[in-house]
Amino acid sequence: MRAKILFLLALLPFIQSNSSFAGETEPNQTPKPIVVRSSGHTQPRSLLPNCYYYDGRVYIECGIDETSVSGTVTRSSDGYQWSNSANGNTLQIEVPTEPGTYTLNFTLSSGCSYVGEYVLIGSNL
């Protein structure tokens with residue numbers, strides 16, 4: 001029994017160093033909000049969807065009454081696009097992490113369309 005305890009105590013520094021190493025490699029990021037506005041002439045009666053960029057993805061979160069979302073992110077420098085759609089009230093679009101200006105366009109099942117813009121700089125990554 002004593003040998004087992006000594007063995008476990010000998011392994012303890014290695015276990016601690018591995019867990020502290022894992023904490024150092026995780027990204028230290030906070031979500032970057034994307035301010036959106038209605039792309040139509042009148043503001044919809046519902047609340048604006050919550051949109052943000054985080055860790056290579058754009059997230060769109062809508063009210064529970066929405067049954068689908070489709071969206072496109074366009075890089076301003078070259079017009080390259082990334083799109084996705086989902087049945088439900090949330091959507092994720094995988095996008096690049098390179099610095100630049102990006103435009104988000106999306107449409108909800110209710111027919112409301114929105115546009116927003118976000119900028120990534122080296123310190124945001």
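Colleague: On what basis are the values given?

Modeller: The model is predicted: local features need pLDDT of at least 70 and side-chain atom pairs count only at pLDDT 80 or more, while totals for chains, interfaces and linings use all residues. Residues are numbered from 1 along each chain as its sequence is written, and side-chain values use heavy atoms, with hydrogens and water left out.

Colleague: Which strands form the open sheet, and in what order?

Modeller: Two strands pair if DSSP finds at least two bridges between them. Here four strands form an open sheet in the order β1-β3-β4-β7, with antiparallel pairing. The edge strands, β1 (32-33) and β7 (90-94), each pair on one side only.

Colleague: Which residues are bridge partners in this sheet?

Modeller: Between β1 and β3 (residues 50-54) there are two bridges; Pro33 has Tyr52 as its partner. Five bridges join β3 to β4 (residues 57-61), and Tyr54 is partnered by Arg57. These two strands form a hairpin with two residues between them, and Asp55 in the turn has a positive phi of about 55°. Five bridges also join β4 to β7, where Leu91 is the partner of Ile60.

Colleague: What percentage of the residues is buried?

Modeller: Buried means under 20% relative accessible area, exposed over 50%, and partly exposed in between (1.4 Å probe, protein chains only). Of the 125 residues of the protein chain, 28% are buried.
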